[in-house]
Amino acid sequence: MRVIPTGMEMNRFAGGDGQCFRAQVNIEPQRPTLVHVGRIAHEKNIDFLFRVLRRVLERVPDVVFIVAGEGPALAHCKSQVEALGLARHVRFVGYLSRDSALLDCYKAGDLFVFSSRTETQGLVLLEAMALGVPVVSTAYMGTADIVRPQRGAALAPDDEAGVADVVIDLLRDPQRGAAMATQARAYAATWSA
């Protein structure tokens with residue numbers, strides 16, 4: 001028996017205007033930016049990423065986090081952002097069209113961050129990588145197959161401080177980020193349909 005993953009339609013990931021998207025959501029061009037795309041549900045472990053953000057802010061005080069998607073945990077996530085004092089640093093942008101705005105959103109990020117423990121495939125990781133956005137993720141279930149080779153992705157430990165350290169190191173090293181972006185595109189292409 002052999003697992004055959006869902007193939008990526010690589011021609012769909014050739015565009016994206018991150019600077020335009022940043023302008024639409026009031027993020028300055030050079031501001032360090034994290035992105036998360038997906039259904040906003042409790043099993044996606046997005047709460048964890050907000051706690052990571054709080055740690056990142058201690059050393060990268062101008063970082064901003066874009067959260068794209070809708071789902072049953074959206075109200076909870078918004079209240080957690082308020083409770084943690086992160087409202088100035090988080091942009092909830094809702095559901096985005098897969099043909100244009102979503103690509104722009106991915107490209108607006110310096111890094112794509114992910115911490116779900118229940119993914120069967122982790123296609124959003126490959127979508128980010130196909131657009132040249134390096135990934136920082138924990139590795140569970142389907143995400144492990146994508147992240148463990150560490151080609152365009154950084155494998156982070158499953159603790160807030162550990163993920164924050166990986167994010168901070170990458171945000172502070174643009175040359176490494178650029179190299180990872182190139183690796184990400186090449187690696188995503190190996191998942192082409």
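This is a conversation about how some features of a predicted model get their labels.

Colleague: Now to the rings. Why is the pair of phenylalanine 50 and phenylalanine 92 called edge-to-face?

Modeller: Happy to show you! The ring centres of phenylalanine 50 and phenylalanine 92 are 6.1 Å apart, and the limit for a pair is 6.5 Å, so they count as a pair.

Colleague: Where in the chain do phenylalanine 50 and phenylalanine 92 lie?

Modeller: Phenylalanine 50 is in helix H2 (residues 46-59) and phenylalanine 92 is in strand E3 (residues 90-94), so the pair links distant parts of the chain, 42 residues apart. Ring pairs also link Phe50, Phe65 and Phe92 into a cluster.

Colleague: How do you know whether phenylalanine 50 is buried or exposed?

Modeller: Its relative accessible area is 0%, and buried means under 20%, so phenylalanine 50 is buried. Phenylalanine 92 has 26% relative accessibility. That value falls between the 20% and 50% cut-offs, so phenylalanine 92 is partly exposed.

Colleague: What makes the pair of tyrosine 106 and phenylalanine 112 tilted?

Modeller: The ring centres of tyrosine 106 and phenylalanine 112 are 5.8 Å apart, with the planes at 40 degrees. Stacked needs under 30 degrees and edge-to-face over 60, so an angle of 40 degrees is tilted. Both residues are buried.

Colleague: Tyrosine 106 belongs to H4. Why is H4 described as largely enclosed by the rest of the structure?

Modeller: Because six of the eight residues of H4 are buried. They are Leu102, Leu103, Asp104, Cys105, Tyr106 and Ala108. These buried residues pack against H1, strand E1 (33-37), strand E2 (64-68), E3, strand E4 (111-114) and helix H5 (123-130).

Colleague: On to charges. How do you know that aspartate 165 and arginine 59 form a salt bridge?

Modeller: The closest N and O atoms of aspartate 165 and arginine 59 are 2.5 Å apart. The cut-off is 4 Å, so the pair qualifies as a salt bridge. Aspartate 165 is in helix H7 and arginine 59 in helix H2, 106 residues apart. Aspartate 165, with a relative accessible area of 36%, is partly exposed, and so is arginine 59, with 39%.

Colleague: What makes glutamate 127 and arginine 98 a salt bridge?

Modeller: Here the closest N and O atoms are 2.4 Å apart, and the limit is 4 Å, so glutamate 127 and arginine 98 form a salt bridge. Glutamate 127 lies in helix H5 and arginine 98 in the loop between E3 and H4, so the pair ties together parts that are 29 residues apart in sequence.

Colleague: Why is glutamate 127 given one accessibility label and arginine 98 another?

Modeller: Glutamate 127 has a relative accessible area of 7%, under the 20% cut-off, so glutamate 127 is buried. Arginine 98 has 35% relative accessibility, between 20% and 50%, so arginine 98 is partly exposed.

Colleague: How many salt bridges does the structure hold?

Modeller: Eight. Some are joined up: Arg51, Arg55 and Glu160 are linked in a network of salt bridges.

Terms used:
Residues are numbered from 1 along each chain as its sequence is written. This is a predicted model: local features need pLDDT of at least 70, side-chain atom pairs count only at pLDDT 80 or more; totals for chains, interfaces and linings use all residues. Side-chain values use heavy atoms; hydrogens and water are left out. Rings of Phe, Tyr and Trp (its six-membered ring) pair if their centres lie within 6.5 Å; planes under 30 degrees apart count as stacked, over 60 as edge-to-face and the rest as tilted. Helices (H or I, at least four residues) and strands (E, at least two) are DSSP runs, numbered from the N terminus. Buried means under 20% relative accessible area, exposed over 50%, partly exposed in between (1.4 Å probe, protein chains only). Contact means heavy atoms within 4.5 Å. A salt bridge is a side-chain nitrogen of Lys or Arg within 4 Å of a carboxyl oxygen of Asp or Glu.
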